[in-house]
Amino acid sequence: MNKIRLGVSTCLLGHKVRYDGGHKRDPFIIDVLGKFFDFVPVCPEVEAGFPIPREAFRLVGNVDEPRLITQRTKIDHTDRMITWAHARCDALAAENLSGYIFKSKSPNSGLFRVKVYNDKGMPIQQGVGLFARVFTERFPVIPVEEEGRINDLSIRENFLERVFVYNRWQSFASNPSPGGLVSFHTVHKLLLMSHSIEHYRRCGKLVASIRQQSFTDLVNDYRQIVMDCMKFKATIKKHINVMMHIMGHFKKYLDSDQKAELLELFDRYRNEFVPLIVPITMLNHYVRRFNLSYLNDQLYLNPHPMELKLRNHA
Ligand code: SF4
């Protein structure tokens, strides 16, 4: 199988491209994600023609439209960087990226809370790096995160789940058909439900109206709602709701001891004594044992490779 492709800030991959000649090698990205993903490295500053080492940049002025200025010599490189960023995004459109991990705090690569300095030299941490802004405006549905934030296990799980969903969407979109959309929706139902019931319902309504509107418009609307849905965190309460729903499909096959045991596992998960993988493993066991085809196909039960251990934290 081809590996899923992720854009990554080059310095996170251990390349010495930073302004001071150093790197910011990220062991999780390289050693763990590297087994499952192919990386497309992007260093805006070096690729836009700035040397290594170089004078550091900072963002200055209006938070929504800051200028990119060299710290000591105060040269404005905004236009050069933005022109390069648009051209690089043209090239990235052909790379079939399913996600992007940006380097935090950088005036070009940072995605959240980048410092923007006012005319008195005081920073406000509300900016977006110039390249990160151009990228996210050009590819608004591609899942994006920063390397620091994916150390938070719930953010990591959410980001990577979005990447896998988007990658499956790309497979569907490479040869879209009404039947393909119904299949995509069917296998994702419980996964969507675990993120946002409201978005799940909106997706269902769209698919049900497949013959009543332009297929292209419907596909675009559906993609937007699915990716918005996946941004909501799947909380313990939402997982319990989905797991109770799954249990409802085979409750009639269980004796009272088995039911009590399963409900007890849900309770332990609710109280954070065991991680999600524990009740999910039991549900998978019953789904296989009773050979329930609707549930067998539900990606909720196996949304990403087990080796990533995304459901192993309480
Ligand atoms: S943060 Fe971005 S611009 Fe800076 S060295 Fe890393 S990849 Fe290059």
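Biologist: Let's start with Asn291: buried or exposed?
Modeller: Asn291 is exposed, with 9 other C-beta atoms within 10 Å. Here 12 or fewer such atoms, counted around the residue's own C-beta, means exposed, 20 or more buried, and in between partly exposed, with C-beta atoms placed from the backbone. The model is predicted, so local features need pLDDT of at least 70 and side-chain atom pairs 80 or more, while totals for chains, interfaces and linings use all residues. Numbering starts from 1 along each chain as its sequence is written.

Biologist: Where does Asn291 lie, and what is its phi near?
Modeller: Asn291 sits in the loop between α11 and α12 (293–296). Helices (H or I, at least four residues) and strands (E, at least two) are DSSP runs numbered from the N terminus. Phi of Asn291 is near 50°, a positive value in a residue other than glycine.

Biologist: Fine, and what about Glu272: where is its place, and what is its phi near?
Modeller: Glu272 is in the loop between α10 and α11 (277–290), and its phi is near 65°, also positive in a residue other than glycine. Glu272 is exposed, having 10 other C-beta atoms within 10 Å.

Biologist: Switching topic, which residues does the cis peptide bond join?
Modeller: Ile52 and Pro53, with omega at about -10°. Pro53 belongs to the loop between α2 and β3 (57–60).

Biologist: Which residues come nearest the ligand?
Modeller: Cys11, Cys43, Lys103, Ser106 and Ser109, out of 13 residues around the ligand. A residue counts as near if its C-beta atom, placed from the backbone, lies within 6 Å.

Biologist: Which helix gives the most to that shell?
Modeller: Helix α2 (residues 44–47), with 3 residues. By class, the shell has 5 nonpolar, 5 polar and 3 charged residues. Nonpolar covers Ala, Val, Leu, Ile, Met, Phe, Trp, Tyr, Cys and Pro, charged covers Asp, Glu, Lys and Arg, and the others, Gly among them, are polar.

Biologist: What does the domain assignment give?
Modeller: Domain 1 (4–151) and domain 2 (153–314), with bounds from an automatic or database assignment. Their centres, taken over C-alpha atoms, are separated by 32 Å.

Biologist: How many residues of each domain are in contact?
Modeller: 11 residues of domain 1 are in contact with 13 residues of domain 2; contact means C-beta atoms, placed from the backbone, within 7 Å. The side of domain 1 that touches domain 2 divides into 6 nonpolar, 3 polar and 2 charged residues.

Biologist: Last one: which residues of α9 meet α10?
Modeller: Ile236, Ile240, Met243 and Met247 in α9 meet Leu262, Phe266, Tyr269 and Arg270 in α10. The residues of that contact are 7 nonpolar, no polar and 1 charged.

Key. Contact = placed C-beta atoms within 7 Å.
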